[in-house]
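My notes follow, entry by entry.

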Amino acid sequence: MTLLRHGASQGFTPGQPFPLVDGHGDPALAPSGHEQALLAGKRLAAQHHGAGDDWASRIGALYVTSLTRTHETAAPLAAAIGLQPIVEADLREVFLGDWEAGLFRQKAAEAHPAAMRAIEVGEWGEIPGAESTAQLTARVMGSLDRLADAHRNQRIVCVVHGGVIAAALNDITGSPSFLGAENASLSTIVHDGQRWRLRSFNDTAHLDGGWAA
């Protein structure tokens, strides 16, 4: 399973909150995010088409969340390989409570104590009204387990969010080290029928010229 973080999203302007989808801030991609999506899609499509008869290496399904930035990131890949993205709402980003709609970005930029504690100790529940890290992890891992069961011996791509990637990889490895996946980066996890294993994290070779089709 490949976890593709969405491309860079639109910046936040104080006093101009993002639209909400099911209570979650829903910015679209920035122009740079669209370019990142094209590069990630080109790389993954090349792997898909280059797999030949190796069906386990071809992309069998493409998942997005309920938020616009994942749909826009998935679009180039979907067009290139002819798959319709499937919405998996439980892989949406952590719910930030009172600091949704972009306010968390402002609080973090201002070094608000609760924002700094949340980042330092890895606990989203430090934010007023937010989902706790344990709640996020349970939601995310439950979703990934369901998808693994539904796609045994098949490669799938899930276009997700930075907080989701961190929750999954922290749980899989037992290390709190994975907050900070780059926009449009690739991380790969494998389920062997009993447990998850981390194969790669934060691969951005397609963004920095280190990869070619």
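**Sheet.** I began with the open sheet of six strands, which has mixed pairing and the order β5-β4-β6-β1-β7-β8. Strands here are DSSP E runs of at least two residues, helices are H or I runs of at least four, and both are numbered from the N terminus. Two strands count as paired if DSSP finds at least two bridges between them. β5 (86-87) and β8 (196-203) stand at the edges with a single partner strand each, so one side of each has no neighbour in the sheet.

**Ground rules.** I am reading a predicted model, in which local features need pLDDT of at least 70 and side-chain atom pairs count only at pLDDT 80 or more, while totals for chains, interfaces and linings use all residues. Residues are numbered from 1 along each chain as its sequence is written, and side-chain values use heavy atoms, with hydrogens and water left out.

**β1.** I looked up the partners of β1 (residues 2-5). Four bridges join β1 to β6, and the two run parallel. Thr2 has Val157 as its bridge partner in β6, and Leu4 stands opposite Val159 of that strand. With β7, β1 pairs in the antiparallel sense over three bridges. There, Leu3 has Ser187 as its bridge partner. Which way do the β1 side chains point? Thr2 and Leu4 point one way, Leu3 and Arg5 the other, and all are buried. Buried means under 20% relative accessible area, exposed over 50%, and partly exposed in between (1.4 Å probe, protein chains only). In a regular strand, side chains alternate between the two faces of the sheet.

**β6.** I checked β6 (155-160) next. Six of its six residues are buried, so β6 is largely enclosed by the rest of the structure. Arg155, Val157 and Val159 point one way, and Ile156, Cys158 and Val160 point the other way. β4 also joins β6 in parallel, through four bridges. Arg155 is the bridge partner of Ile59.

I then asked what α5 touches. α5 packs on the sheet against β1, β4, β6, β7 (186-191) and β8, and its direction makes about 110 degrees with that of β8. α6 packs on the sheet too, touching β1, β6, β7 and β8, at about 140 degrees to the direction of β8. Axes are lines fitted to C-alpha atoms, for helices over the stretch in contact, and angles run from 0 to 180 degrees between N-to-C directions.

**Cores.** A nonpolar core is a set of buried Ala, Val, Leu, Ile, Met, Phe, Trp, Tyr and Cys residues joined through side-chain atoms within 4.5 Å. Which members of the largest core touch the most others? They are Met1, Leu144 and Cys158, out of 34 residues. The elements giving two or more residues to this core are β4 (59-64), α4 (113-121), α5 (133-150), β6 and α6 (162-173). A second, separate core has 14 residues, including Ala40, Leu44, Ile59 and Ile81. Beyond its neighbours within four places in sequence, Leu144 is in contact (heavy atoms within 4.5 Å) with Met1, Leu3, Leu91, Ala168, Ile189 and Trp196.

**α2.** I traced helix α2 (residues 68-81) from end to end. Its 14 residues reach 20 Å from first C-alpha to last, close to the 20 Å expected at 1.5 Å a residue. That expected span is 1.5 Å times one less than the number of residues. A kink of about 40 degrees lies at Ala75, shortly before Pro76. The bend at a residue is the angle between axes fitted to the seven residues ending there and the seven starting there. The buried residues of α2 include Arg69, Thr70 and Ile81. The buried set packs against β1, β3 (24-25), α1 (31-50), β4 and β6. Gly82 follows α2 with a positive phi near 75 degrees.

**Positive phi elsewhere.** Most residues other than glycine have a negative phi. I noted two asparagines. Asn153 has a phi near 60 degrees and sits in the loop between α5 and β6. Asn153 is exposed, at 77% relative accessible area. Asn202 has a positive phi of about 60 degrees and is found in strand β8. Asn202 counts as partly exposed, at 22% relative accessibility.
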